[in-house]
Amino acid sequence: MQINLSQKERMILEDGKHQEDVCVKKYQSFATQAKDPNLKQLLNKLASEEQHHYNIINELLQGKKPNLTHTNQTMNNQQAVNTNSSSMSFNNPEDALLCSDLLATEKYVSGFYDTGVFESANKDVREALQHIQKEEQKHGEELFNYMNTHGMYDVK
């Protein structure tokens with residue numbers, strides 16, 4: 001089934017594709033910079049999920065109904081990132097800065113998708129954007145939990 005996109009939807013998707021490309025590159029780059037092996041693992045997992053979002057948007061832009069299932073999702077869930085065991089990242093300002101930057105990015109990207117959901121007339125586009133937004137919020141939650149567990153985000 002061919003999906004016909006409005007000009008507005010095409011613009012939203014092109015912007016989303018750019019945002020996802022930036023996220024993939026940022027997560028990959030930050031994973032190489034992270035000191036804590038658990039943080040490296042988390043960031044690599046999130047990079048893979050962001051690549052999946054990029055692929056979803058690319059399929060939509062090609063007029064195809066996207067596959068919303070991430071092929072590595074089961075593997076990623078089985079290799080759950082241990083956010084409690086590394087004391088190396090406590091008081092680690094470099095890792096804290098990486099996490100703060102990524103959490104801010106996830107907040108921005110989630111808001112972007114919120115707007116896109118409301119401005120898309122096509123049901124398939126809306127469903128894909130809602131799916132991506134839910135996963136972006138999960139990314140933010142995972143980053144927050146890592147930061148909170150490692151003394152980087154105090155919620156007094």
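Colleague: Which side chain does Lys65 meet in a salt bridge?

Modeller: Asp124, with 3.5 Å from N to O. The pair links distant parts of the chain, 59 residues apart. Lys65 sits in the loop between H2 and helix H3 (73-78), while Asp124 belongs to helix H5. Keep in mind that this is a predicted model.

Colleague: Are those two partners buried or exposed?

Modeller: One of each. Lys65 counts as exposed because its relative accessibility is 52%, and the cut-off is over 50%. Asp124 has 11% relative accessibility, so Asp124 counts as buried.

Colleague: What else is Asp124 in contact with?

Modeller: Setting aside neighbours within four places in sequence, Asp124 is in contact with Met1, Ile3 and Leu60, along with Lys65. As for its own position, Asp124 is in helix H5, which covers residues 123-149.

Colleague: OK, how many salt bridges does the structure hold?

Modeller: Nine. Another one is Glu142 with Lys138, at 3.4 Å from N to O. Both of these residues lie in helix H5, four residues apart, or about one turn of the helix. Glu142 is buried at 15% relative accessible area, whereas Lys138 is partly exposed at 42%. Shared partners also tie Lys45, Glu49, Lys138 and Glu142 into one salt-bridge network.

Colleague: And what does Lys156 pair with?

Modeller: Asp154, in a salt bridge of 3.8 Å, N to O. Both Lys156 and Asp154 are exposed.

Colleague: What share of the contacts join residues at least 24 apart?

Modeller: 78%, taken among contacts between residues at least 6 apart in sequence.

Colleague: Which residues touch the most other members of the largest nonpolar core?

Modeller: Leu13, Tyr27, Leu43 and Leu143, in a core of 35 residues. Helix H1 (7-33), helix H2 (37-61), helix H4 (93-118) and H5 each give two or more residues to this core.

Colleague: What is Tyr27 in contact with?

Modeller: Leaving out neighbours within four places in sequence, its contacts include Leu43, Leu46, Ala47, Leu102 and Leu143. Tyr27 is also in contact with Glu50, Glu106 and His139.

Colleague: Switching to aromatics: how many aromatic pairs are there?

Modeller: Two. Phe112 and Tyr113 make an edge-to-face pair, 5.1 Å centre to centre with 75° between the planes. Phe144 and Tyr153 have ring centres 5.0 Å apart and planes at 75°, so that pair is edge-to-face as well.

Colleague: Are Phe112 and Tyr113 buried or exposed?

Modeller: Buried: Phe112 has a relative accessible area of 17%, and Tyr113 is at 0%. In the other pair, Phe144 is partly exposed at 25%, and Tyr153 is partly exposed at 30%.

How values were computed:
Residues are numbered from 1 along each chain as its sequence is written. This is a predicted model: local features need pLDDT of at least 70, side-chain atom pairs count only at pLDDT 80 or more; totals for chains, interfaces and linings use all residues. Side-chain values use heavy atoms; hydrogens and water are left out. Contact means heavy atoms within 4.5 Å. Rings of Phe, Tyr and Trp (its six-membered ring) pair if their centres lie within 6.5 Å; planes under 30 degrees apart count as stacked, over 60 as edge-to-face and the rest as tilted. Buried means under 20% relative accessible area, exposed over 50%, partly exposed in between (1.4 Å probe, protein chains only). A nonpolar core is a set of buried Ala, Val, Leu, Ile, Met, Phe, Trp, Tyr and Cys residues joined through side-chain atoms within 4.5 Å. A salt bridge is a side-chain nitrogen of Lys or Arg within 4 Å of a carboxyl oxygen of Asp or Glu.
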